[in-house]
Amino acid sequence: MQERDLYMDKDLERALALSLRESQVNASSSRAISISDSEDDDDDRFQSGRLQENRAFKTESSRATTQSVHYPAPPSQSARNTLAASFLSERAQMERERLERLKRLRGQDADDGGGISPPTKRQHIPSSEKHANGRANIASASSSSVPSGSSASSRTASTSINSTPTSEQLFWNGELRPTANKHSQPRQDGKPTFRLTEVLGSKPDISFAIIASYAMSVSWIYEFFAPSTPVIIVAQPDQSGQPTIKNILPNWVMTVPSLRNGRGCQHMKFMLIFYKTGRLRIVISTANLVDHDWRDIENAVWLQDLPPRSAPIPHDPKAIDDFPSIMQNVLRAVNVRPALANMLANDHPNLPLQTINDLRMKWDWSKVKVKLIPSIAGKHEGWPNVVLTGHTRLMKAVRDMGLRTGKGKAAKDLLIESQGSSIGTYSTQWVNEFYWSARGESAEDWLDESKARRAKLPWPPVKIVFPSLKTVRDSVLGELGGGTMFCRTNQWEASKFPRELFHDSNSTGGRVLMHTKMIIATYRPKKSIFETSSQSNGKGKELSDSETEPESDDIEIQNDPIGWAYVGSHNFTPSAWGTLSGSGFNPVLNVVNYELGIVFPLYDAKDAERVSCFKRPARKYVSGQDRPWIQEESQLLRQSQEM
């Protein structure tokens with residue numbers, strides 16, 4: 001019996017019952033499938049594995065994955081209430097079980113790498129006329145991104161987070177906003193927000209959708225689509241780590257990617273929404289497809305609308321580095337191709353997307369200025385493969401945006417502020433490895449340095465932004481609302497753990513916890529990390545404020561970018577971003593998780609403030625007084641799980 005069937009049964013029962021009530025459907029479309037896409041099978045097959053938070057929806061009923069899905073009666077209202085009430089405690093329990101499982105597999109403590117992401121502020125990312133180099137200009141979301149003829153939705157968010165909007169706003173130049181949260185309305189910062197209904201648009205207008213999430217409630221997300229709309233949903237694999245596709249509902253196909261050796265997780269959160277008008281909306285989110293993520297914690301959504309081309313352009317096999325090409329590679333990696341083939345061959349031969357390559361050929365991506373940053377689980381060897389995934393993909397994007405920090409006397413140093421919901425296991429070598437890529441410096445130069453020298457580097461100027469125990473207790477939901485933030489006692493108390501890098505996470509929107517994964521990176525003149533050791537004595541001495549805070553004179557640099565920002569599913573962990581090895585001649589990047597996000601330039605200090613989901617400067621933990629939020633140390637959370 002597959003574990004996926006255990007935790008999905010109750011959820012599917014409700015969705016199936018809803019479907020039967022709303023439309024007449026051919027039950028034969030609900031057959032189970034197990035297909036491996038042979039064209040994707042190679043030595044760089046993706047390795048990962050992780051118990052899903054979705055086990056919150058498991059029941060005592062069982063059914064093998066090779067059997068057809070039945071149509072039982074929906075669960076009672078009391079059963080639904082019990083499921084909703086147990087979500088947070090079950091989620092925390094699953095996290096503990098996952099860590100124990102990974103410890104057995106790896107023989108050591110595993111990085112989380114797959115918590116959820118804290119929210120980012122609303123932000124408008126239009127194409128820039130001011131900057132002729134074609135880089136994205138970060139403007140206030142209050143700026144108009146609506147083409148003539150479109151109506152703007154109200155900026156006022158109600159407590160009914162998922163109420164249907166009265167009008168649909170289109171974003172031809174892209175938009176970044178925090179998600180609406182019932183506990184911070186109105187927002188203290190006045191930023192506009194996205195509800196899920198606003199992200200998806202009108203049900204009858206959607207012709208097809210591809211959606212991806214780490215955790216999901218199928219019955220909940222099902223209600224946001226018309227029963228007749230075909231949907232492919234990319235989910236977290238079970239413990240077997242085998243790639244499969246499966247018809248879970250009428251017109252719905254679930255696909256999961258390969259997780260070699262049962263390690264890692266499918267942590268991407270994205271949507272491709274195809275509309276009957278021909279328009280395509282691309283969505284990169286930090287929120288899972290569960291009501292908790294869209295109601296009680298803060299997340300972020302970037303989206304952009306794309307018009308159809310007047311005529312498809314020819315397929316270009318050499319195009320591998322632009323946004324649509326990378327998105328196509330992501331779809332192949334997470335096993336969408338066989339799911340799409342299944343839909344086309346059976347009930348939906350006229351989908352707007354006939355092949356994965358159609359994505360680049362049929363829609364106009366010319367106004368998309370952000371860079372797409374995926375992490376594809378697996379072993380990636382050689383430069384052509386290494387620069388397409390993980391932190392080395394970030395390095396390539398930073399260089400392409402003209403933001404490389406450089407070397408020598410003219411070198412600029414980055415200050416990195418990384419907000420996340422999961423803490424990893426850190427070494428000075430890995431943090432400096434990531435920092436090297438974040439500066440846009442070649443991984444070849446990094447690997448050419450001796451391992452001994454790399455291992456002795458001090459901590460670079462990085463701020464790890466994570467909620468303190470005090471912040472969680474002072475939040476609207478208190479400790480019971482901290483079930484999606486992950487740090488462990490053995491991490492925090494490890495002798496070489498970088499406690500001096502920790503800063504408190506406080507939302508600019510109010511007293512809510514953030515699940516958004518975000519990096520704010522700003523630079524200033526400074527020498528290369530291999531040219532100085534003035535940041536630290538190499539024995540764990542913490543950086544002074546003058547060494548970690550950029551001077552305002554260094555930040556305001558005329559019309560040139562002053563840094564960049566990242567938003568997506570990546571937590572600041574080796575599991576999410578990858579670990580580099582090998583040589584400068586033949587690099588190897590090992591990645592545990594599937595992740596996805598975007599990166600774009602920041603042109604001035606105001607840009608950084610508008611984009612940031614957390615209050616800056618983030619308050620530094622006071623040694624001996626502050627402690628991060630650690631679930632296992634919360635008596636309240638423990639008691640709630642025992643109820």
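Predicted model: local features only at pLDDT ≥ 70, side-chain atom pairs only at ≥ 80, totals over all residues.
The UniProt annotation "active site", taken from an unreviewed entry, covers His-267 and His-515. These positions span 249 residues in sequence, yet no two of their C-alpha atoms are more than 13.1 Å apart, so they gather at one spot. His-267 lies in the loop between strand E6 (252-256) and strand E7 (270-275), while His-515 is found in the loop that links strand E14 (502-503) with strand E15 (517-525). With a relative accessible area of 0%, His-267 is buried, and for His-515 the computed value is likewise 0%, which places it among the buried residues. The side chain of His-267 also reaches the backbone oxygen of Ser-569, at 3.1 Å.

Helix H12, residues 428-438, is mostly covered, since ten of its eleven residues are buried. Just after H12, the backbone at Gly-440 takes a positive phi of about 80 degrees.

Turning to the strands, three of them form an open sheet in the order E11-E18-E17, with antiparallel pairing. Strand E11 (378-381) and strand E17 (579-582) stand at the edges, each with a single partner strand, so one side of each is left without a neighbour in the sheet. From one strand to the next, the twist averages 25 degrees. Four bridges join E17 to the antiparallel strand E18, residues 587-591, and Gly-582 stands opposite Pro-587 in E18.

How values were computed. Residues numbered from 1 in each chain as written. Heavy atoms only, no water. Pairing = 2+ DSSP bridges. Helix = DSSP H or I, 4+ residues; strand = E, 2+ residues; numbered from the N terminus. Axes fitted to C-alpha atoms, helices over the stretch in contact; angles between N-to-C directions. Buried < 20%, exposed > 50% of the residue type's maximum accessible area, 1.4 Å probe, protein only. UniProt positions renumbered as here; feature names shortened; annotations may be inferred. Polar contact = N/O pair within 3.5 Å; in protein donor to acceptor, adjacent residues only side chain to side chain.
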